[in-house]
Amino acid sequence: MPAVLGQVSNRGQPGPVRQQRITISQKYGIHARFQAAIESGGGYNVHMLFDLPDHGTLYQALLARDADYDGQAYVGVATTGVFCRLTCPARKPKSENCTFYASVGACIEAGFRACKRCHPLEPMASADPAIGALLAALEARPEYRWSEGDIARLGFDLSTIRRSFKRQFGMTFLEMARQRRLRGGFETISDGGKVIDAQIDARFESASAFRAAFAQLLGRAPGTLDSSAMLYADWIATPLGDMISVSDESQLHLLEFVDRKALKAELSKLDKLTKGRIGIGKTAIGALIKVELAAFFDGTSPKFTTPLAYHGAPFARRVWDELRQIPPGVTFSYSQIAARIGRPTATRAVARANGANQIALVVPCHRVIGADGSLTGYGGGLWRKQKLLEIERHYKQQANESTMS
Ligand SMILES: [Zn+2]
């Protein structure tokens, strides 16, 4: 897989996974590497057979705008989501925000999009007019759901296009378009933009899409996500939209809809707490909450037994515990919660604690509504709060029927 072969972690950790091989280029310098590549058979992707030089070397080349690396190495910038040639005239990013890749395909696969100043896709586009035309079409409508029919309508032969994209980028045009769409959707989310649109556009369709999106939320390169993690993020598709869970082997630390505006801040808090050791992966707890959510949404059971890790002050924890006492199908007001925890005047603090909940559904902050019966706010969106309360009314009916019989 070229994406992995050509990738250099920007952390420089001597972990077993990202251990660098000493390459010909490191021994003899970059020109020797090109020479060796040509001698070893040439061809369009021969550079992928070699590891890139280390991060420091490539970063120096980036600062120097070293043209020797053109077509051989690209830089993905975590803070902007853009990838560049090392010769890009734009202001240079900080070293820790850079990840280097050996191919354009690897950059796109990792969720980066092409820079509009240094145009890293240009050589491919000018080498093949069909590629150029499709790249321009994609750039004009990045959010559009491209299909094979569209390619045919533009007058291109499907199998020729498939072959030439595979050869140049290691992926088909449709795969590239999907990656581009996901990226667009996630930028909307992290900007706090029109979140529902973004969610519809950008459903995770693959683990690599999730990786790219999650890295974007954390403001990092996807390649830095999995070394010796303490907490693992996983993605859960639900009828009300995709969710992210963060867990370790004993507790659930976070469960949120991906378009929740506070998600980015909540994740950075956990990221700080673990000193950057959030990875992507599965845990027993992550599996348990998936099963319980599936049962919740298909109407089988409203019960959540997954153990929780609370990240909050004692008062907030007290509120969250109280929220968990509210049965499904029942709603309370902020002042009722305040009264129940023996702090009848602390309505506003209760509302704040309610809003600070980062374990959606399991800590049912959606069961708190205004004293006048209005829905008031919900971090996951009012439409979703409404839906959740509808689902839970069904559970309440079930409960009533079983007590009557
Ligand atoms: Zn650039």
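## Around C84

Leaving out neighbours within four places in sequence, C84 is in contact with Y74, V75, V77, A90, C115, C118 and P120. Two residues are in contact when their C-beta atoms, placed from the backbone, lie within 7 Å. This is a predicted model, in which local features need pLDDT of at least 70, side-chain atom pairs count only at pLDDT 80 or more, and totals for chains, interfaces and linings use all residues. Residues are numbered from 1 along each chain as its sequence is written.

C84 also belongs to the largest nonpolar core, which has 87 residues. V75, F83, C84 and L255 have the most contacts inside this core. Its largest share, 6 residues, comes from helix α12 (residues 207–218). A nonpolar core is a set of buried Ala, Val, Leu, Ile, Met, Phe, Trp, Tyr and Cys residues joined through C-beta atoms within 7 Å. A residue is buried if 20 or more other C-beta atoms lie within 10 Å of its own, exposed if 12 or fewer, and partly exposed in between, with C-beta atoms placed from the backbone.

Helices (H or I, at least four residues) and strands (E, at least two) are DSSP runs, numbered from the N terminus. Two strands pair if DSSP finds at least two bridges between them.

Strands β1 (residues 74–77) and β2 (residues 82–85) are antiparallel and share 4 bridges. V77 stands opposite V82 of β2.

## The sheet of β5 to β8

A further open sheet of 4 strands runs in the order β7-β6-β5-β8, again with mixed pairing. β7 (252–257) and β8 (278–280) are at the edges with a single partner strand each, so one side of each has no neighbour in the sheet. Neighbouring strands here are turned by 25° against each other on average, direction ignored.

Strands β5 (residues 231–238) and β6 (residues 241–247) run antiparallel, joined by 7 bridges. T238 has G241 in β6 as its bridge partner. Helix α14 (residues 284–297) packs on the sheet and touches β5, β6 and β7. The direction of α14 makes about 20° with that of β5. For such angles, axes are lines fitted to C-alpha atoms, for helices over the stretch in contact, and values run from 0 to 180 degrees between N-to-C directions.

## Helix α13

α13 lies across β5, β6, β7 and β8. It runs at about 160° to β7.

Within α13 (residues 263–273), L263, E266, L267 and L270 are buried. Seen down the axis of α13, these residues fall within an arc of 95°, so they line one face of the helix. The arc is that of the directions from the helix axis to the C-beta atoms. The face turned away from the buried side carries the exposed residues A265 and K272.

## Two positive phi values

K275 follows α13. It lies in the loop between α13 and β8. K275 is not a glycine, yet its phi is positive, about 55°. K275 is exposed, with 8 other C-beta atoms within 10 Å.

H119 is another residue other than glycine with a positive phi, near 45°. H119 is found in the loop between β4 and α6 (122–127). It has 15 C-beta neighbours inside 10 Å, so H119 counts as partly exposed.
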